[in-house]
Amino acid sequence: MTEPDGTVRSAVETDISAMHDQGTAEAFNSPTGGAARSGAAAASGTIKVTLVYATLTDNRSGVDQDAAWHSILAADSYWRSSSNGRLGMSIASAFPFHTSANSGMDYAAMMNQIKKDLGWRDSAYKALVVYVPAADLKSGGYGGILGGGWTTGGVGGSVLMPRPSAFSKNVVTHELGHVLGLLHANSLKCNNGRSDIWIGANGRWADGQCTSREYGDTSDLMGYAQYNLPVINSFFWDSRAFGRGDEIFNAGTAGQSATYTLRAWAGSAANRAVKFRDTSGETYYLELRLPVGYDTATSVGGNRGVKILKADLANNWALNSLVVAPNTRDFAGYTNANSTWQAGQTFTAHTGTTVRINSINAESASITITGGAVARAIAPISEMRAAHPELGAATSQVTGGIRDGGAYQNFQNGVILWSPATGARISMGAIRAFYGTLGFQEGFLGYPIANEYGSAGGAIQDYQYGKIIWSPSTGSSYVLGAIGNAYMAKGGPAGSLGFPTGNEWPLGNRGGVVQSFQRGAIYWTPTTGAHIVGGAIQTYYGTQGYEAGFLGFPTSNETHGGGGAFQTFEGGTVTWSPSTGPLHLYRGMATAFVRHGGATGPLGFPTGLETSLASQSGAVQPFQNGALYWSAPTGAVPVLNGGVRDAYNRAGAAAGFLGYPLSGTINESGKQTQVFQGGRVSWTNASGARFVYAGMEAGYARSGGPAGPLGYPTGNETSSARGGATQAFENGILYWSPGIGSYAVIRGPLLDSYRNINAEKGGLGYPTGNPVTVGRGSIQAFEKGRIASSGSSGAWLLFGAIDGAYSAAGGPSGPFGFPTGDEVSLPGQGVKQAFQHGSMYWSANTGARFVGGAVGTLYDGLKGERGYLGYPTTNERRQAGGVIQDFQGGSVLWSPTSGALPVHGAVRSTYLAAGAAEGRLGFPLAAEKSTGPGTASQQFQGGRIDWSAAVGTTIIWR
């Protein structure tokens, strides 16, 4: 430090050989020593250097004058670059000089002696630089010091250097930095690894684990000595107003998130660094160190990235900077290999402000600054206070350090709480007092998410995880989660429940809770959810033991209808109406009651409790419009008032042959039907009550029951042939037999035809299936045949081989169509049946064959089976673009050009042997004709066949 009388004393030094912890922190922190002072005015101009090559009384050797000279030139180049040409050094004079100093002197005493010998007086823009022939300088009896520098007003001073070495350019430039008013580039060292620290009341860092490591910023000229000359940091640059003045962008006080771009600090771009002020009052500097310019050799590895700096407030007696590295624990040796922050890392200041390094590339870095809780809370708290003067004057500053990065400010009549998630909200009055008993924002409610608002003469305040509700008569209570949601969905205090009369409390060991309100309660469990119980149902619920009784927890809210209400519970349902009062239904009955529409369904309200039944260990419960019957096999099923229930009761109800109901009562206009275990009961105005027993019911249900084609029964079951039975219905008859089951024959031609042959007692026997619709008709199978019916052809019977062949050909949907008559016996023990598109012939020798179309017309013209052709032996088949069909006495061929013609006898045999229509002869052109006694001839497309009794057949080709 330069004293007022011009003498200097040692306070700091550039010491490459000394250990970084040499000496005490007190010595470094002492405000009584130092080589530079903060607050020096911005300077410009050229500092005139007097360069002295001194000798000592005990060492009259000279120094390398050329190396000394070039060290000044290097410093001039560096400082002109760092000040945009505003500051530099020039050598005004250089000369050797014998001094009276000796090498054993303290370096400050040595400098004072040399200045005295020279008669030097400090002044602005002048600097004395002295090189002595010693290998190093000493302080306090220790050597290893590579230089010393002193300032006068930040633009003048003196520098003492040992003889030139590889470090001289760096050291003399560093010492001239002292002359320019800078002290050292230090680093934060915290043995506990904390990322940042604030200054304590004693002027030291607030955490005793943290100190400033002098020279610890080795990526800065003002750090440890080295061979390179890295650029001074942006804090020094800004503090001494170096450069153009536009190199550092001022982001103001950190608040809401903002993103900025940094460019190489050793470059020349405007706004290449960023500074921001934190709510602690400190200013942080952010700069990008890339291997550019003076940083080419040093900005590598972990020193290539974003550098974060601030003033070294623990040493504010001089202009010291402090780098905050990603790891603040001490590093070994002199060089920190990881002083910059990399992409993806986030720095957190001691106030909670964060700097996220978004990305780094070869030219730039993207960073996002987000103010800490206090920084971000100040503006929204101020806005909220301005809108609510009733809070009164502030009684504290905005203070952070609370849950989830929040902050608060106290006022005369309340508090404003802020968090990033909830914004600024007011907490005051009786609700705040209750909030305090729950731990304020640190409790389970978290932060308020809205200001207090009125409701039904009381007040509500919403929080992150619940609500506090207050009224003059009930005081304050909280509502949470599902109970709170159910409560507010019901209208909150203004709804049917009114205000809560207490907080929720746990029930039993199932994780359930309940909360009482002025007019009801809300119950919740993880499995049932939250449901309201109130009024008469709640009173009755209490008589049954509440949730500890058989009813358990509610599983729904009240459902209103039918002039009353009902509510479901785990163990049943409770109903209420003015005429029936409250009653309960056990689980099985309750499920059916709800499934069938509850109180607004056909049953109405129960009029009594469930009664046990001996049959199948079942039960019954009466209702306004019927009863519910339950058994384990059937479940609970209603039987409604009316003709069905009357008949059911007369038959002994569940204890009778009908047993328990399997399906509900179906009501139609003037009709009722219902299925039971033992059958069905149906009732109509016209026929009264009729039973359909189990055997008949199977077929009746299969055909659609009352909604099917049969309609309702008009009579009861009647015994019939072979142990079977019949039952008449509105639109047909249901037939049952032991081996077949029950099938319906529907009223119409088919039933008429069936009856004409004495129905089940006749040749067809019992039906084996229901009618099947085919096209515009239907067909139905019976034990010994079928009946086919259509509107155009009538209903006709089908038997045996003809029915088999007909069915194989597709029945009514096949080529034959519907039958147009019954089977007719023919001579020779054959039979014939007519169809829409021909006739089916059968004989024992030929089987069932169909003859139709042109062939059938010709066949009929030749007297059919009574003519010489006899019975068909094949069905018609395609040949050569036409058809051929064989008969006992010949064949009939047809083509579009020749029509249908017969071939028979010896001519036929020769014709068939020649390939018939597919041979050279082709189709016949005329029938065979006699050409004389014992001769005949027949013409074909490809020739003629002649026959004589004497010769036989001869083919005459065309």
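I call a residue buried when its relative accessible area is under 20%, exposed when over 50%, and partly exposed in between (1.4 Å probe, protein chains only). By that rule, Asp404 is exposed at 51% relative accessibility, while Arg403, with 22%, is partly exposed.

I note that this is a predicted model, in which local features need pLDDT of at least 70, side-chain atom pairs count only at pLDDT 80 or more, and totals for chains, interfaces and linings use all residues. Residues are numbered from 1 along each chain as its sequence is written, and side-chain values use heavy atoms, with hydrogens and water left out.

I then looked up salt bridges (a side-chain nitrogen of Lys or Arg within 4 Å of a carboxyl oxygen of Asp or Glu), and the count is 22. One of them joins Asp404 and Arg403, N to O 3.5 Å. Another pairs Asp330 with Arg213, their closest N and O atoms being 2.5 Å apart. Asp330 lies in the loop between strand S15 (321-323) and strand S16 (346-348) and Arg213 in strand S9, so this pair ties together parts 117 residues apart in sequence; strands (E, at least two residues) and helices (H or I, at least four) are DSSP runs, numbered from the N terminus. Arg213 is buried at 3%, whereas Asp330 is partly exposed at 32%.

Finally I searched the whole structure for disulfides (cysteine sulfur atoms within 2.5 Å) and found one, which joins Cys190 to Cys210 with S to S 2.1 Å. The torsion about its S-S bond is about 115 degrees, so the disulfide is right-handed. Cys190 is buried at 0%, and Cys210 is buried at 6%.
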